[in-house]
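Biologist: I am new to this structure. Please take me through one part closely, starting with a single residue and its surroundings.

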Amino acid sequence: MTTILTCTLKNLPSTSKWALRFSVRFLSCSSQLRAAPAGQTKSKKTLAKPNVRNIVVVDGVRTAFLQSGTSYKDLMPHDLARAALTGLLHQTSVPKEVVDYIIFGTVIQEVKTSNVAREAALGAGFSDKTPAHTVTMACISANQAMTTGVGLIASGQCDVVVAGGVELMSDVPIRHSRKMRKMMLDLNKAKTLGQKLSLISKFRLNFLSPELPAVAEFSTSETMGHSADRLAAAFAVSRLEQDEYALRSHSLAKKAQDEGLLSDIIPFKVPGKDTVTKDNGIRPSSLEQMAKLKPAFIKPYGTVTAANSSFLTDGASAMLIMAEEKALAMGYKPKAYLRDFVYVSQDPKDQLLLGPTYATPKVLEKAGLTMNDIDVYEFHEAFSGQILANFKAMDSDWFAQNYMGRKTKVGAPPLEKFNNWGGSLSLGHPFGATGCRLVMAAANRLRKGGGQYGLVAACAAGGQGHAMIVEAYPK
């Protein structure tokens, strides 16, 4: 199949067939900020299914998300995960002994705490009899933690699960080169002085070159930023559109922060430092300032910059998930139901970041809903260009027919319902923790706005994606 992104940026002028196919209305940040919130929706059917347990989110918390290299830089990942778990215990007053299982997502693992869920649980005071495991699925690792918990409850294996995620980009594992590692292992096995001297004689200075964590796709050797730049070009998303969307994200996040809407953040006293209570990556700027930045990946013609990309972030999140009957028996008033969800995968080279486009129609069909039924959208914002390219793909009959095997498009989400409290571009994106933030943002927005259904979606490295329907719990 002919791919959609084989042309480089310089081969995709604004007058190309892609620009004509994927034209979309120009985003005006100021007009979107002035837009009135979606009106009160009529009561719709519930998504409860006969003979299937209802699974609810009692509550969820997160540490403030901080730019890497700031206040969390001297911590370890399990410190942040422990803080999220401790905050959840304090927020919900759930007895530790009733928690049947704990699952955390993470991406770049600290080798000393490879099962960070277990180490954090023990550090937070959970019983050593409570099982815990860690999952990884790139940027949807916390989503996988949540849905694994949903599966455990739906199957009757558990009644109460804590799911979450953590990432600490301030301190990533840096390894010796493979040659150096091999020499060190061989030296450890050498039994005689002669064997050791023979091995040492083979040492070369280039053995000392460090090996950094990969920032590129293993299967394609391409960085995600480079892929985002090509995706934006293929869908004719301009630099100005990307900057406007990023400014919208930061402005809405700042507004939500000032109005106290980011209520899932729990205070965290960093040892030897001040108590952290708010995200520090929210930075509303101006289009003029953003336009001065140079391309970050495809130089000099690219459109993806530091201003319209998510930044390296430290943070952790945690959610208390229960069977509805268990939550009610314990006297809780849940925030939301976790309903249908799907995972998708597609070409990791040319469709790396199109997970929401593929996942959205599938999860809607599974739930028996349409885009018009959704009151709140919470999509992961890896890059402005990624979001806007997904909008164009979702709003294209041509793309649906030629690449998705569908007769018609699903349609783009209306901006007045979309990421109204900011997103990953502004709030930050700790790879392993974002999924829980998305679900809690959807649940809290539904409660505040009186809506019934939220749709959470995210892309991930490897060309994968996730979408889930969140239903507000009746007040």
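Modeller: Start with Phe 297. Phe 297 is partly exposed, because its relative accessible area is 34%. Keep in mind that the model is predicted. Two aromatic rings are described by the distance of their centres and the angle of their planes. In this model, twelve aromatic pairs are counted. One of them joins Phe 297 to Phe 383.

Where do the two partners sit? Phe 297 belongs to the loop between helix H10 (287–291) and strand E8 (313–323). Phe 383 lies in the loop between strand E10 (376–379) and helix H13 (384–394). Phe 383 is buried, because its relative accessible area of 7% falls under 20%.

Most peptide bonds are trans. The bond from Lys 299 to Pro 300 is cis, with omega near 5°.

Rings meet charges elsewhere. The charged end of Arg 339 sits over the ring of Tyr 337, 4.0 Å from the ring centre. The charged end of Lys 366 sits over the ring of Phe 341, at 5.7 Å from its centre.

Rings also gather into a cluster. Ring pairs link Phe 235, Tyr 358, Trp 398, Phe 399 and Tyr 403.

Technical notes:
Residues numbered from 1 in each chain as written. Predicted model: local features only at pLDDT ≥ 70, side-chain atom pairs only at ≥ 80, totals over all residues. Heavy atoms only, no water. Phe/Tyr/Trp six-rings, centres within 6.5 Å; stacked < 30°, edge-to-face > 60°. Helix = DSSP H or I, 4+ residues; strand = E, 2+ residues; numbered from the N terminus. Buried < 20%, exposed > 50% of the residue type's maximum accessible area, 1.4 Å probe, protein only. Lys NZ or Arg CZ within 6 Å of the ring centre and 35° of its normal.
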